[in-house]
Amino acid sequence: MQKHAEDVEILVLGSSQTFYGVRPELFEGKVFNLANVSQGNKQNLFLLKYWADRYKQLKTVIIPISLYTWFTPGLEQGVESYRCRYYRIYMDCDLYSNWSLNNLELSDRRTALGKLEKYFSGDSSLGCDKYGWGNIYKLSEKNMGKWDDETEVETAVKMNTAGNWDYIEPNYNLLKEIAEFCQSWNIELILVTPPCWTSYNKKCDSKQLAKMYELTHKFQQEYHLTYLDYLKDPRFDADDFYDCNHLSDVGAIKFTKILIGDI
């Protein structure tokens, strides 16, 4: 984005499902994947607006709607709050103070040590390609059966199941800001629910899933948006998944090609 924000025609936002699931190099136009692991609505809004003064060709924004989208308390809360510092230190994010732990690389010892280990081992990999697609979920390297292992599935579902529904309104408001920004810039906003494997879908909280669809359709109608739902799409088989709710590199090719055709 630092080099090519003026030329980007389609921008992909969201969390790990689009980070690993949408491969920009397959599009005919100029596409960048600005999603990231556990990236929340607050960060999506910040990143979308951050580059606004450089947009010249941006026509479409893709954002995922998943089981947890309307219910998440946000990146700042929970076991992955350490990721907030990546936005402050590396993305100039003014959501966090310069005088906070989010502006200190060593604020999370485990990940800081991991970076040091990579540095001294000579490992220069970034975990994504030059178009922002997360390229480490390779079918050839996955833990076979991970997408269907009962413990793995229960852990994934538990992580995405809301303890309460207290955060619906703030999440709705954040997504409204994204939609209104896109409207004001004459950008098409497309909502996408990425595919998940059957083992995950069977264990999802049915009430939360129903509420997700209710809120999504309400939001879609309010802003006259395109909504593409692939959650239980039968075209995806086991090899398309790295785990029960993330696509493998092979599955990302299939998903991206389907998405391109539908868009």
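The legends below describe close-up views of a predicted model.

View 1. Five strands make up an open sheet, in which they follow one another in the order S2-S1-S3-S4-S5 and pair in parallel. Strand S2 (31-33) and strand S5 (226-229) stand at the edges, and because each has a single partner strand, one side of each is left without a neighbour in the sheet. On average, and with direction ignored, neighbouring strands of this sheet are turned by 20 degrees against each other. As background to this view, strands of a sheet pair through backbone hydrogen bonds, and the pairing is either parallel or antiparallel.

**View 2. Strand S3 and its two partners.** On one side, strand S3 (residues 60-64) is joined by five bridges to strand S4 (residues 188-193), and these two strands run parallel. Within this pair, Thr60 stands opposite Glu188 in S4, while the bridge partner of Pro64 is Val192. Strand S1 (residues 10-12) is also parallel to S3 and is joined to it by three bridges, with Leu11 standing opposite Val61.

**View 3. The two covered faces of strand S3.** What is found on each face of S3? Thr60, Ile62 and Pro64 lie on one side, Val61 and Ile63 lie on the other, and all of them are buried, so that both faces are covered. Because five of the five residues of S3 are buried, the strand is largely enclosed by the rest of the structure.

**View 4. Helix H5, with a buried side and an exposed side.** In helix H5, which spans residues 150-160, the buried residues are Val153, Ala156, Val157 and Asn160. These residues cover an arc of only 95 degrees around the axis, and therefore they are on the same side of H5. Thr151, Lys158 and Met159, by contrast, are exposed on the other side of the helix. The buried residues of H5 pack against two further helices, namely H7 (198-203) and H8 (206-223). At the start of H5, the backbone nitrogen of Thr151 is reached to within 3.1 Å by a side-chain oxygen of Asp149.

View 5. His224 has its place in the loop between H8 and S5. Is His224 buried or exposed? With a relative accessible area of 72%, which is over the 50% needed to count as exposed, His224 is exposed. Although His224 and Glu188 are 36 residues apart in sequence, their C-alpha atoms are 9.9 Å apart in space.

Note on methods:
Residues numbered from 1 in each chain as written. Predicted model: local features only at pLDDT ≥ 70, side-chain atom pairs only at ≥ 80, totals over all residues. Heavy atoms only, no water. Buried < 20%, exposed > 50% of the residue type's maximum accessible area, 1.4 Å probe, protein only. Helix = DSSP H or I, 4+ residues; strand = E, 2+ residues; numbered from the N terminus. Arc of directions from axis to C-beta. Contact = heavy atoms within 4.5 Å. Polar contact = N/O pair within 3.5 Å; in protein donor to acceptor, adjacent residues only side chain to side chain. Pairing = 2+ DSSP bridges. Axes fitted to C-alpha atoms, helices over the stretch in contact; angles between N-to-C directions.
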